[in-house]
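Here are my notes for your first look at this entry. Keep the viewer open and follow the points in order.

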Amino acid sequence: MSEERFETTRTILRGLEAADAERLQTYLNAPTMIGRRYVPWRIPDVAPLSSSRVEGILEAWSKEKKGFAVGIELRETGELVGHAECNWHWDTHCPGIGIAIAPDHQRRGIGFEVASRLIAHLFENTPAHNVSGWAASWNEAGLAFAKRLGFAESGRIPRSGIRDGAYVDAVMVDMLKPEWAAAREGADGT
Amino acid sequence: MALEGRLVLLREERREDQAVFARLRNDLETQGWNVALPPSYTEAMHIKRFEAMEFSYDRDSARFSVERKETGELAGFITYSDLEPRLGATIGIAIAKPFWGTGVAFDAQEVLLRFLFLELGLRVVHLWSHSGNPRAIALAEKAGFSVSGRIREGMYKNGELLDTVVMSLLREAYFVQHTEFEDRLPDPFPGG
């Protein structure tokens, strides 16, 4: 993987360091990030995260053997504005992707830029045939984001969590490599 | 009270079960994995895994040996994992071929579901299968599961591109099927 593959117009996707813990803790604990933190399995997705919990997240990512997590740094300011994770826990044939952007940097297209880059990475540099992800059923913005990226809804796993007095479904989305390639050809006008 | 059904007992696994478990793991049709595993697992490996298990009151998974009541034969195993207490879990089953079509798998699944819904008070149970395993899907549907999601062409097995399939069984659907039981556990989020 050459380094330039992990750059976009406005961002650099880089390894996360211990020095990122404070910034990570700040945006993960923002109320609007609850339920969409996209942190390793079994890390609380609701309760405030202590600094030691955040260190645990960084440690889990650093030990990930079947995937990677990157910090999203703005080229212009050097600020960490989010993180993204790709993993192939089951099979490199069908990796998963998750992305979280700090609330004060959402709605600027940064997530789209980064996710597009990582999806291209998975299809161009790994054996991936299907890339999948998920969003909570209440997360309409996340689901619209996935649709814009070219994902299609492939199911709803009921009662995957609880929020505001109701069960939450996990909405599954996926994208096949031929779909990705066709969309890209269309976008290129080729 | 044992986990007992019409045909099977679900009991703790034992050291002497491991030879059967190795055989299940070495059969491409029963190993139950997303990607084919090399059929080269040994009984010794399984014994090592078995002996490494530690006592805990705080377990989010369990594996039961499925024993046929009539003969005492070991038919396979059944598991639950990813337990979210009082909310959900995921089950899995592997039954040796001589017991296919005998009702053992369905009975074992029913016994485990009874434990998960009536003892652990779960609101939903999930399982993962694939479109190339109609036997497992039919078994789940018979118990009331329905397909809740797919990863399209998410598997390559036996030369075929297959959909990974998630199936789910809601608590209320379980009790509709089991009128012999009354659900006395209040739903914390009725209608949700």
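1. Start with a pair of helices in chain B. B:Gln18, B:Ala19, B:Phe21 and B:Ala22 lie in helix 1 of chain B, and they meet B:Glu43, B:His46, B:Ile47 and B:Phe50 of helix 2 of chain B. Sort the residues of this contact by type: 5 are nonpolar, 2 are polar and 1 is charged. Bear in mind that this is a predicted model.

2. Now look at how the two helices are placed. Two packed helices are described by the angle between their axes and the distance between the axes. Helix 1 of chain B spans residues 18-25, and helix 2 of chain B spans residues 43-51. Their axes come within 8 Å. The crossing angle is roughly 115°. The crossing of helix 1 and helix 2 of chain B is right-handed.

3. Step back to the whole of chain B. How many helices and strands does chain B have? There are 5 helices and 8 strands. Along the sequence, the pattern of chain B reads β-β-α-α-β-β-β-α-β-α-β-β-α.

4. Of its 192 residues, 36% count as buried. Take the contacts in chain B between residues at least 6 apart in sequence: 59% of them join residues at least 24 apart.

5. Next, check where the chains touch. Here 20 residues of chain A are in contact with 20 residues of chain B. On the chain A side, strand 5 (130-136), strand 6 (152-163) and strand 7 (166-176) each supply at least two residues. Which strand of chain A gives the largest share of that side? Strand 6 of chain A does, with 7 residues. By type, the chain A side divides into 9 nonpolar, 7 polar and 4 charged residues.

6. Finish with one residue, A:Pro48. It sits in the loop between helix 1 (21-28) and helix 2 (51-62) of chain A. Is A:Pro48 buried or exposed? A:Pro48 counts as exposed, because it has 11 C-beta neighbours inside 10 Å, and the cut-off for exposed is 12 or fewer.

Key
Residues numbered from 1 in each chain as written. Chains lettered and ligands numbered in written order. Predicted model: local features only at pLDDT ≥ 70, side-chain atom pairs only at ≥ 80, totals over all residues. Contact = placed C-beta atoms within 7 Å. Helix = DSSP H or I, 4+ residues; strand = E, 2+ residues; numbered from the N terminus. Nonpolar A, V, L, I, M, F, W, Y, C, P; charged D, E, K, R; others polar. Axes fitted to C-alpha atoms, helices over the stretch in contact; angles between N-to-C directions. Left-handed = near helix turned anticlockwise from the far one by under 90°. Buried ≥ 20, exposed ≤ 12 C-beta atoms within 10 Å, placed from the backbone.
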